[in-house]
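Let's take a walk through this structure together. Keep the sequence and the 3D view open as you read.

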Amino acid sequence: MAVVKVKRPKLGFGEKIYLGALAKGFLITLKHALKSLAGKSIGADSLKSSGMGVTMQFPETRWDDQLPEYYRGAPTLVTDEQGRERCVSCQLCEFICPPKAIKIKPGEIPTDDPWAKVEKRPQEFDIDMTRCIYCGMCEEVCPEQAIYLRKDYLITGLSRAAMVHDKKKLYEIGGVRTGLVNKWNELK
Amino acid sequence: MSETISANPDQKLPKDLAAEKGMVNVQIDGTWHQFPKGTRMIEAARQAGQILPHYCYHPKLSSPGSCRMCLVQMGMPPRPAPGTDPAYGDDGYQQINWMPRPVIACANTVAENMGIRTTGDIVESCRKGVMEFLLINHPLDCPICDQAGECRLQENSVSYGKGQSRFVDTKVKKPKNVDIGPRIRLDDERCIMCSRCIRFMDEVAGDPVLGFTQRGTHTTLTVHPDRLLDSNYSLNTADICPVGALTSNDFRFQMRVWFLKETPTIDVNCGTGTNITVWTRGNTVHRITPRQNDDVNSCWMPDSHRLNFHFIDDKTRFTEPLVKEDAQHLPTDWKSSLDTLAAKLKGADGSTTAIIASGRMTNEELFLTKQLAETLGTQHLSLVPRTGEDDGMLVAADRNPNTTGAKLILGTEDPFAKLDSIRDGVRSGTIKNLLVLGEDIITDAGFHFNDLAKLDLLVQSHTSANPTALAANLVLPAAAFTEKRGSMVNLTGRIQRLNRATEMPLDARDDWEIIRDITLAVTGAKKDTFLIEDVFKQLAAAVPEFADLNLSRIGDTGKPILDTGYQIPLLTNERARKAAGEITG
């Protein structure tokens, strides 16, 4: 490919001292400042402004209903319509997890359990939310449709231990998910 | 390899050249190779660098040809019409006429001027077809199946699978999660009827309890109704099962195999010195499987040895030195415990001191133990004999893994001879100080707690809590066999290497370092040996059998250094079967 030599534009004296451009910028800022004082900021409504300017007062005001469908929040475990925990602890999410946030201890389902034929479920399932990078690979790799990234994004805790979501917490956030493939039914 | 000849009629043809060596010429994927007569096609292809997909074939078992996965295209030279001579081309070979239908590579042997095609349309479509049939009734169990990650069916599905099922009927249901033995779980739906387990139990373990019942698509693997799969070799069936039909109860749902790291090392439960692979994740041993060594254990190992690793991770492990004060053991540090030890031993008369070492020690540890005995000036040095029943296969009567090494290093034919005199000495009070290295003498050597109470000093180094430790003044935490490096000599006189798979817990130390530090504490000399390689160097200089060797030269499969005349019964059996042509490996 031919090399195109781009010539630097020749600047006039006014452009070289740039005072004009500086004043222009200040004027734009002043225009917006005055507008916000008058309560007429552009996009204040759609950005959930709390009065002055476009600033949203988080956490009093939330953005939650604006989150897109594909928003990737906290990874969680889900149960299905039949109340069965979907996870069979195949440990693929633990394997794929780039920051190694997931830790699973597999266990056997006792023979007197109604879902004994599934044979396997997690004994312990920990996701360390200080490590999680919300990449969604665990959801993508799951062969059992058991792990989903929910819209929860306010993950806070006062200690490292509090930032580790255990199995109980994960099912609590995850809740019930309907319409999933059910391969463990009677006919199989 | 191929040998091209000129048009000179006096020159021998390739077939004659090969026949002189008892070989035949075979063309594999267009290249000519030579193989010994009677080689199976699958082995020939493997030697030519083509590993054919297979399920039922195992070199140590007979070949029933039941899975049909190893189908290849075969060709032979045309049969000359009566009265005509075969026509040879410029390269000295006859033309190959390819058969329109495939043959199985596992049960057919190679022949002169044979052609094998391991790729091509026919072969590929055959493999795809076989895979589709094998997967018709296979359940979608991979997420809960222990075999996932090392499953031949998964591997070949990637290469030859369809990705989806065309099967519209209901899958045949078979028993799942069947308890067929104390250590093995059976899932019949996953079984692909390769019959490897049946043949193993019949031909190698000599306990034919498995078999097929029903016919066709309903064929089911079952255990004999009055029997269980309880042979001491039953877990080998889980190893050779190409799918997840037979899985180990001990390893069931413990860890997915793709997390595990493999370390080649050897088993220390008997004198055979079975070659093993230790599978670890982090610092936890999850399972042990046999590693092929045709001079020691073939491909197999006994269950009793395989499952003897749970103590490594147990709560009873010693993690720091313990000193007995007022009938109670309190944790201490290495320096003060070695100082206490040295203070008691320094002035002591050699004849009042005894050492009981272990046949489970490595050569390096035994060598240092001998040096320690010389430093202390004692003649009282003995090992603890450990015998059991010889099972006529792999488990030897001598349950000490390094008796042969001990004989070489201690320079005696009977390293256990002085145990009785030491015991008498302890009882009569002539022996005042006793060092017990890696043994529990109350359980294994006939000592009594009251005998040991008479001693001035009893020091024990051991991995886990035991009765002798209760009586000991000083307990030193030692390393388990997966935490050590070193060498051992098995009953046939083969030196083999232990490799470190896991780290020692907390403050425990490698046994050779413990023995070295005791010696140094007594002599007060400066530490000058830091590596186990250096210990082996000293050993090689002192004992002629070990000369010219070092730890890396031993390799993963060991080196014979001595001919003891001992035969491993399982190998004798296997060689006879190979000579009879029943197996190929």
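**A tour of the two chains**

Let's start at strand E3 (residues 71–76) of chain B, which is joined to strand E6 (residues 114–117) of chain B by 3 bridges, the two running antiparallel. A word on names: helices (H or I, at least four residues) and strands (E, at least two) are DSSP runs, numbered from the N terminus. Two strands pair if DSSP finds at least two bridges between them. Within this pairing, B:Gln73 sits opposite B:Arg117 in E6(B).

Before going further, bear in mind that this is a predicted model, in which local features need pLDDT of at least 70, side-chain atom pairs count only at pLDDT 80 or more, and totals for chains, interfaces and linings use all residues. Residues are numbered from 1 along each chain as its sequence is written, while chains are lettered from A and ligands numbered from 1 in the order in which they are written.

Now zoom out to the whole of chain B. Its secondary structure comes to 18 helices and 24 strands, and its C-alpha trace spans about 100 × 65 × 40 Å along the principal axes. The chain is divided into domain 1 (14–125), domain 2 (131–313) and domain 3 (322–570), with bounds that come from an automatic or database domain assignment. The C-alpha centres of domain 1 and domain 3 of chain B are 55 Å apart.

How much of chain B is buried? Of its 585 residues, 45% count as buried. The word has a cut-off: a residue is buried if 20 or more other C-beta atoms lie within 10 Å of its own, exposed if 12 or fewer, and partly exposed in between, with C-beta atoms placed from the backbone. Contacts have one too: two residues are in contact if their C-beta atoms, placed from the backbone, lie within 7 Å. Among contacts in chain B between residues at least 6 apart in sequence, 68% join residues at least 24 apart.

Next, look for the open sheet of 7 strands in chain B, ordered E16-E15-E21-E20-E19-E17-E18 with mixed pairing. Strand E16 (328–331) and strand E18 (381–383) of chain B are at the edges, each with a single partner strand, so one side of each has no neighbour in the sheet. From one strand to the next, the twist averages 20°. Inside the sheet, strand E19 (residues 433–437) and strand E20 (residues 457–462) of chain B run parallel, joined by 5 bridges, and B:Leu435 stands opposite B:Val459 in E20(B).

Helix H11 (residues 419–428) of chain B lies across strand E17 (353–357), E18 and E19 of chain B, at about 135° to E17(B). For such angles, axes are lines fitted to C-alpha atoms, for helices over the stretch in contact, and angles run from 0 to 180 degrees between N-to-C directions.

Another helix to find is H15 (residues 511–523) of chain B, whose 13 residues reach 19 Å from first C-alpha to last, close to the 18 Å expected at 1.5 Å a residue. That expected span is 1.5 Å times one less than the number of residues. Buried residues in H15(B) include B:Trp512, B:Ile515 and B:Ile518. After H15(B) comes B:Gly524, with a positive phi near 75°.

Why does B:Asp314 count as exposed? Because B:Asp314 has 11 C-beta neighbours inside 10 Å. You'll find B:Asp314 in the loop between helix H7 (303–306) and strand E15 (322–325) of chain B. B:Asp314 and B:Ser464 are 150 residues apart in sequence, yet 8.3 Å apart in space, C-alpha to C-alpha.

Finally, turn to chain A, where 15 residues are in contact with 9 residues of chain B. The largest share of chain A's side, 3 residues, comes from strand E2 (residues 102–108) of chain A. In chain A, E2(A) pairs antiparallel with strand E3 (residues 120–128) over 7 bridges, and A:Lys105 has A:Glu124 as its bridge partner.
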